[in-house]
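Have a look around it before reading on.

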Amino acid sequence: MADEVVLLDFWPSMFGMRVRIALAEKGIKYQYKEEDLRHKSELLLKMNPVHKQIPLLIHNGKPVCESLIIVQYIDEVWNHKSPLLPSDPYQRAHARFWADFVDRKVYGVGRKLWATKGEEQEAAKKEFLEIYKTLESELGEKPYFGGETFGFVDLSFVTFYSWFYVYENFGKFSMEAEFPQIVAWVKRCMQKESIANTLPDQKKIYEFVLKLKKIFGLE
Amino acid sequence: MTDEVVLLDFWPSMFGMRVRVALAEKGINYQYKEQDLKNKNELLLKMNPVHKKIPVLIHNGKAVCESLVIVQYIDEVWNDRSPLLPSDPYQRAQARFWADFVEQKAVYAVGKKLFSTKGEEQEAAKKEFLEIYKTLERELGDKPYFGGETFGFVDIALITFYSWFYVFETFGKFSMEAECPKIIAWAKRCLQKESVAKSLPDQKKVYELALELFGLK
């Protein structure tokens, strides 16, 4: 019996991108359904009644929600190739810790950078630089956060690359100048087809944010 | 070679309690080290330099941080008894989802607003708090545990807040039993387990500490 895999998503979402990369890494065929987050579909509301958010994976009719939970689910079900998490429990705990760090710290501070002004934005910039320094220090000399191979932490963080131009523009700094190791790591990741084919163009994301700011009166 | 397991913790922390319950479920011998969070010691700062928080599990010298990450680690290492997560990947995803719900909805943060705010802000916090617990009650349904027939990951994630119910009730001026009877019934069922009963401090002791900690006397 063939698997039926559907992904409800929103193209600029760095959370949705994580799932797209995971599915690509595993070579899984799926149906992509773009959601209009201002007019959420009945399917989304029915399948994720608690959070009403994307990404949402529907596997043979059963929903899985929350991007990192979906990625772990994909890794466990399609466990025949391209492992996304390490096999050792300690390494796995380490990977979960850093993916959790990305979830808790990276999205919020990035959003504040483009959605606020003045003092609030200055504070956000300071926090942003600190958080990325911590990540750079964790990366160290390793080719990937996972060590020799691309893994869970890389996947959880690389999707923010699409948003780097937005952050640089509104924060008025250069990612390359501030975080050369992170930029080198991103370029290494982008050599992988699953990532290069998934991540939207930075300029498109920037256009999207300009539109968003207009809609929400954040100019 | 015997395992060396150390837990850096703070007795009223519902996050630390989760690890205590998991260790007890698995029957693991460990050394408990009470931390003074106002004067964090070198060991804590060295073992959790990123967040500088408890709980921290130190297993044969290596640190594992974040309570739900620690519980999963414990389940995977000591995998020969008392499974805490389901074996089926879909059930596992559902368990992670609900444990994440408990975390995301910052049950702790909303609960904290209940006793650290007043007036309209407190009313709003109370409304949010009860909505969250009603959602959890719906998810529990008629099952004995969130995990189904057996106590598991989601039960561990949530039961530790029980120690703080008296604090929430007193400051929020409501009764958990009246508002969420199924949750109370579930909590009492969990408390019949030795691993839970011996890991959760008394509600009145937590109340006394909360008064002190948050200067509420």
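## A first look at the salt bridges

At 41% relative accessibility, A:Arg104 counts as partly exposed, where buried means under 20% relative accessible area, exposed means over 50%, and partly exposed lies in between (1.4 Å probe, protein chains only). A:Arg104 and A:Asp100 form a salt bridge, with the closest N and O atoms 2.9 Å apart. A salt bridge here is a side-chain nitrogen of Lys or Arg within 4 Å of a carboxyl oxygen of Asp or Glu. Both A:Arg104 and A:Asp100 sit in helix 4 (residues 89-115) of chain A, four residues apart, about one turn of the helix. Helices (H or I, at least four residues) and strands (E, at least two) are DSSP runs, numbered from the N terminus.

Some ground rules: this is a predicted model, in which local features need pLDDT of at least 70 and side-chain atom pairs count only at pLDDT 80 or more, while totals for chains, interfaces and linings use all residues. Residues are numbered from 1 along each chain as its sequence is written, chains are lettered from A and ligands numbered from 1 in the order in which they are written, and side-chain values use heavy atoms, with hydrogens and water left out.

How confident is the predictor? The complex gets an ipTM of 0.94 and a pTM of 0.95. Chain B averages a pLDDT of 94, and 99% of the residues score at least 70; pLDDT is the predictor's confidence in each residue, from 0 to 100.

## Where the chains meet

The contact (heavy atoms within 4.5 Å) takes 24 residues from chain A and 26 residues from chain B. About 2,300 Å² is buried between the two chains, and carbon and sulfur atoms give 65% of that. Buried area is the accessible area (1.4 Å probe) that two parts lose on being put together, summed over both. On chain B, the residues losing the most area to chain A are B:Tyr90, B:Arg96 and B:Phe97, together 26% of what that side buries.

There are nine residue pairs in polar contact between chain B and chain A (both at pLDDT 80 or more). A polar contact is a pair of N or O atoms within 3.5 Å; within protein, one must be able to donate a hydrogen and the other to accept it, and residues adjacent in sequence count only if both atoms are side-chain atoms. Which elements of chain B give two or more residues to the side that touches chain A? They are strand 4 (62-65), helix 3 (67-77) and helix 4 (89-104). Helix 4 of chain B gives the most, with 11 residues. By type, this side of chain B divides into 13 nonpolar, five polar and eight charged residues. Ala, Val, Leu, Ile, Met, Phe, Trp, Tyr, Cys and Pro count as nonpolar, Asp, Glu, Lys and Arg as charged, and the others, Gly among them, as polar.

## Salt bridges side by side

The count comes to 24 salt bridges over all chains, and five salt bridges are found across the interface of chain B and chain A. Here are a few of the pairs.

| Salt bridge | N to O distance |
|---|---|
| B:Arg92 and A:Glu76 | 2.7 Å |
| B:Arg96 and A:Glu76 | 3.0 Å |
| B:Lys182 and B:Asp142 | 3.7 Å |

B:Lys182 lies in helix 10 (residues 181-191) of chain B and B:Asp142 in the loop between helix 6 (119-140) and helix 7 (153-159), so the pair ties together parts that are 40 residues apart in sequence. B:Lys182 is partly exposed at 38%, while B:Asp142 is exposed at 75% relative accessibility. Elsewhere, shared partners join A:Glu76, B:Arg92 and B:Arg96 into one network of salt bridges. Is B:Arg96 buried or exposed? B:Arg96 is buried, with a relative accessible area of 6%.

Why is helix 3 of chain B largely enclosed by the rest of the structure? Because 10 of its 11 residues are buried, including B:Ser67, B:Tyr73 and B:Glu76. The side chain of B:Glu76 makes a polar contact of 2.9 Å with that of A:Arg96. Leaving aside neighbours within four places in sequence, B:Glu76 is in contact with A:Pro89, A:Arg92 and A:Arg96.

B:Ala187, in helix 10 of chain B, is buried at 0% relative accessibility. Not counting residues up to four places away in sequence, B:Ala187 touches B:Ile159 and B:Tyr162. The C-alpha atoms of B:Ala187 and B:Glu76 are separated by 25 Å, and the two residues are 111 residues apart along the chain.
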